[in-house]
Amino acid sequence: MNLRDPAGTERDPIQRSTPNQPQGAIVPVGPQPHPDESRTGIGQSRRHHSVEPVLIETAEVATMLSMSTSWVYREASKLGLKGYKLGRGRNAKVLYKRAEVFKWLEQQRID
């Protein structure tokens, strides 16, 4: 891909020269921001911040509580955790709201 610079001559976008480098020296070019991101600043925060999932798997709940997954399945309704079943049959995933798990955990705190 060749580009034209303001002087009207064709040049390769990777081959750029600076005052300290000889003509035709290859200078690596890093990733360029998307035109919309540089203009509005949108998208930059999405790249650098991870998003916490709202729903978490049963295995993750069990790990957080230091319990087994079978305990979580058995005790979830008693704890006030409402599961969300995704799929059908034996292989269906059951997910729980992360906020509800933390809320229950906070209620178990000993003062």
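**Reading the fold**

Q: Where is Thr-58 found?
A: Thr-58 is found in helix H3. Helices (H or I, at least four residues) and strands (E, at least two) are DSSP runs, numbered from the N terminus. This is a predicted model, in which local features need pLDDT of at least 70 and side-chain atom pairs count only at pLDDT 80 or more, while totals for chains, interfaces and linings use all residues. Residues are numbered from 1 along each chain as its sequence is written, and side-chain values use heavy atoms, with hydrogens and water left out.

Q: Does Thr-58 count as buried or exposed?
A: Buried means under 20% relative accessible area, exposed over 50%, and partly exposed in between (1.4 Å probe, protein chains only). Thr-58 counts as buried because its relative accessibility is 3%. Contact means heavy atoms within 4.5 Å; leaving aside neighbours within four places in sequence, Thr-58 touches Thr-69, Val-72, Tyr-73, Val-94 and Tyr-96.

Q: What is the strand order of the open sheet?
A: Two strands pair if DSSP finds at least two bridges between them. The open sheet has 3 strands in the order E3-E5-E4, with antiparallel pairing. Strands E3 (55–57) and E4 are at the edges, each pairing on one side only.

Q: How many bridges join E4 to E5?
A: Strand E4 (residues 83–86) and strand E5 (residues 93–97) are joined by 4 bridges. Tyr-84 has Leu-95 in E5 as its bridge partner, and Leu-86 stands opposite Lys-93. The hairpin has 6 residues between the strands, and Gly-87 takes a positive phi near 100° there.

Q: How are two packed helices described?
A: The description uses the angle between their axes and the distance between the axes. Axes are lines fitted to C-alpha atoms, for helices over the stretch in contact, and angles run from 0 to 180 degrees between N-to-C directions. The axes of H3 and helix H5 (residues 98–107) come within 12 Å and cross at roughly 25°. The contact is made by Glu-60, Val-61, Met-64 and Leu-65 of H3 with Arg-98, Val-101, Phe-102, Trp-104 and Leu-105 of H5.

Q: Which residue has a positive phi although it is not a glycine?
A: Ser-66 does, with a phi of about 55°. Ser-66 is found in the loop between helix H3 (58–65) and helix H4 (69–79). Ser-66 counts as exposed, at 64% relative accessibility.
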